[in-house]
Amino acid sequence: MSVFDVRKRDGLARIGVLKNGETILSTPAVCNMQELFPSLGERGFTNLPLSAGASDAERFFAAGSEPSAVHPQAEAAADAGAYLFANWNNTVTDSRRYVEYLEKLYAKIRPDAARYAPASALPSNVASLIYCGFDLFDYTAVDLCTIQGKFCTTEGEFEADYMEKGICGCEGCRAGDLGLHNRLALEREIANARLWIERGQIREYMEMRCRMQPEQVEILRRLD
Ligand SMILES: [Zn+2]
C-alpha cells in the first residue's frame, strides 16, 4: 500500500510526499501514473461515469487496487493511500457537478490520502485542480492537445502556430517540439502552484489565474 504524508496545507490544497514501494514522489506532481501504479494498466470495465445512479454503481463499480477508485454512489476504500477520481475530466467544464461531486467524494475518503485526477490537467486548469485538493496528475490531457495541434498555455489552448510567436522560450519551443512544450508547460504550472501553497497564498494565485476561465471562476464561487 502507498503512504501519503501531507506536509503543508493551504485551504484544500496540499504539499505532500507519496511513498509507493521504492518510489518517493513530492506532490502536487505530474508523472507517468501507470509506472507509479502498474495496476492502472490492467483495469477493464471499471470506468463508470460519475453521473451513474446507485443501481449501476452497485452492479458495475469496482474500486480496484491502488489508486482506489471513488464514485459518488459507492463507499470508498477505508485504507487507501491514494484515490482515483475516474472520469474527473468530464466534470471540469461543469462547475455545479464538479463541486457537488467534490463534496460527496471528499466526505467518503480518508483525508490523508493522495487524490489523483486522471486525464484532466492542463496548464490552464491545473492550479484550479490543485486548489481543490488534487495531488496527482498525468500527461494524458496535454498529450491529447498535442495530437490535436494545440499549444497549451496557462491562459488556454491555442493553435499550434502560437509556438512561433515568441511567448515561450522553453526547450520544446526552441526545438519546435509541441509535445515537449505542452508537457513542460504543465510541469511549470504545477511547480508555480506548489510555490504559492508554500507561501500560503494559493487562493490569491488561483484568483489571478482563473480570470480568463469562466468555469473556474464559477467553481471558486460555488466552493465558497
Ligand atoms: Zn514552450
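**Labels and their cut-offs**

Reader: Why is cysteine 168 called buried?

Author: Its relative accessible area is 15%. Buried means under 20%, exposed over 50%, and partly exposed in between (1.4 Å probe, protein chains only). So cysteine 168 counts as buried.

Reader: What do these values rest on?

Author: The model is predicted: local features need pLDDT of at least 70, side-chain atom pairs count only at pLDDT 80 or more, and totals for chains, interfaces and linings use all residues. Residues are numbered from 1 along each chain as its sequence is written, and side-chain values use heavy atoms, leaving out hydrogens and water.

Reader: How do you know which atoms coordinate the zinc ion?

Author: By distance. Donors are N, O and S atoms within 2.8 Å of the metal (3.2 Å for Na, K and Ca); water is not among the atoms, so sites may look incomplete. Cys168 (SG), Cys170 (SG), Cys173 (SG) and His181 (ND1) sit at 2.1 to 2.3 Å from the zinc ion. They qualify as donors. Along the chain, their spacing reads C-x1-C-x2-C-x7-H.

Reader: What makes the arrangement around the zinc ion tetrahedral?

Author: The angles. Four donors count as tetrahedral if all angles lie between 85 and 135 degrees; four count as square planar and six as octahedral if opposite donors are over 155 degrees apart and all others between 65 and 115; anything else is irregular. Around the zinc ion the four donor atoms subtend 100 to 118 degrees, so the site is tetrahedral.

Reader: Why do you say that cysteine 168 and histidine 181 tie parts together?

Author: Cysteine 168 lies in the loop between β10 (156–159) and α6 (171–174), and histidine 181 in helix α7 (residues 178–198), so the pair joins parts 13 residues apart in sequence. Helices (H or I, at least four residues) and strands (E, at least two) are DSSP runs, numbered from the N terminus. Histidine 181 is also buried, at 2% relative accessible area.

Reader: How do you know that β9 and β10 pair?

Author: Count the bridges. Pairing needs at least two DSSP bridges between the strands. Strand β9 (residues 150–153) and β10 have four, in the antiparallel sense. Cysteine 152 stands opposite glutamate 157 in β10.

Reader: What makes β1 and β3 edge strands?

Author: The open sheet has three strands in the order β1-β2-β3, with antiparallel pairing. β1 (3–10) and β3 (23–27) each pair on one side only. From one strand to the next, the twist averages 10 degrees; axes are lines fitted to C-alpha atoms, for helices over the stretch in contact, and angles run from 0 to 180 degrees between N-to-C directions. Strand β2 (residues 13–20) and β3 share five bridges, with valine 17 partnered by serine 26 in β3. α7 lies across β1, β2 and β3, at about 115 degrees to β2.

Reader: Which residues are in contact with asparagine 87, leaving aside neighbours within four places in sequence?

Author: Asn47, Leu48, Pro49, Leu50 and Pro118. Contact means heavy atoms within 4.5 Å. Asparagine 87 lies in the loop between β6 (82–84) and α3 (95–108). At 14% relative accessible area, asparagine 87 is buried. Its phi is positive, about 70 degrees, although it is not a glycine.

Reader: How do you know that arginine 203 and glutamate 207 form a salt bridge?

Author: The test is a side-chain nitrogen of Lys or Arg within 4 Å of a carboxyl oxygen of Asp or Glu. Arginine 203 and glutamate 207 meet at 2.8 Å, N to O, so they pass. Both lie in helix α8 (residues 202–209), four residues apart, about one turn.
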